[in-house]
Amino acid sequence: MASTGVGNLVFIDGIMNHMVYLDIFHNNLKESAKNLGSDGNFLFPHGNDPKHTARNVKMWCLFHCEQQLHTPPQSSDINVIETLWATLETSVQKHKIRNKADLKQVLQEEWGKISSNTTKKLVESVPRRLEDIIKAKGHATKYWHFLCL
């Protein structure tokens with residue numbers, strides 16, 4: 001996602017590991033960034049998930065993601081995509097899902113409905129989120145509590 005909207009939604013069949021994660025980067029990240037008008041100029045946040053910290057992922061990012069934000073573990077209140085996932089989940093729960101195909105279709109439809117106004121507000125919230133984390137001395141903020149509802 002970017003302030004200009006959402007990128008491609010990628011579905012994973014099976015277990016997400018560092019190789020699947022890297023494949024998504026290789027086949028999707030640059031295309032999504034270009035489609036969102038961020039051709040090569042974006043900040044990519046990393047958590048401490050093992051698939052984010054794998055050596056091959058770090059090397060790929062070193063050469064393909066000029067600006068990276070390394071966040072501490074359990075820092076969902078910093079990473080705005082977590083808020084976007086929560087919003088998507090709320091939208092999807094309003095549908096009758098009967099099977100995996102229905103779920104994928106609804107996810108794609110609801111993902112496509114996310115406005116650039118929504119993503120812009122999320123991106124613009126990052127400085128406030130960081131200030132709140134500093135004020136909370138690293139403890140949970142109101143953003144974290146929103147994700148736990």
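Over the chain, the mean pLDDT is 82, and 84% of the residues reach 70 or more.

**Confidence**
- Residues 145–149 have pLDDT that stays under 50, and the model gives this segment eight contacts beyond four places in sequence.
- Where pLDDT is low, the predicted coordinates should not be read in detail.

**Nonpolar cores**
- Twelve residues make up the largest nonpolar core: Val6, Leu9, Val80, Ile81, Leu84, Leu88, Val92, Val106, Leu107, Trp111, Ile114 and Leu122.
- Helices α4 (80–92) and α5 each supply at least two residues of this core.
- The most is given by α4, with five residues.
- Leaving aside residues up to four places away in sequence, Ile81 touches Met1 and Trp111.
- A second, separate core has ten residues, including Leu22, Ala54, Val57 and Trp60.

**Surface patch**
- On the surface, Met59, Leu62 and Phe63 form a nonpolar patch, with about 360 Å² of accessible area together.
- Phe63, one of the patch residues, is found in helix α3 (residues 55–64).
- Phe63 counts as exposed because its relative accessible area is 63%, and the cut-off for exposed is over 50%.

Note on methods:
Residues numbered from 1 in each chain as written. Predicted model: local features only at pLDDT ≥ 70, side-chain atom pairs only at ≥ 80, totals over all residues. Heavy atoms only, no water. Patch = residues over 30% accessible without salt bridge, like charges linked within 9 Å, V, L, I, M, F, W, Y side chains within 5 Å. Areas by Shrake-Rupley, 256 points an atom, 1.4 Å probe, with all protein chains shown as cover. Salt bridge = Lys/Arg side-chain N within 4 Å of Asp/Glu carboxyl O. Helix = DSSP H or I, 4+ residues; strand = E, 2+ residues; numbered from the N terminus. Buried < 20%, exposed > 50% of the residue type's maximum accessible area, 1.4 Å probe, protein only. pLDDT = per-residue confidence, 0-100. Contact = heavy atoms within 4.5 Å. Core = buried A, V, L, I, M, F, W, Y, C linked by side-chain atoms within 4.5 Å.
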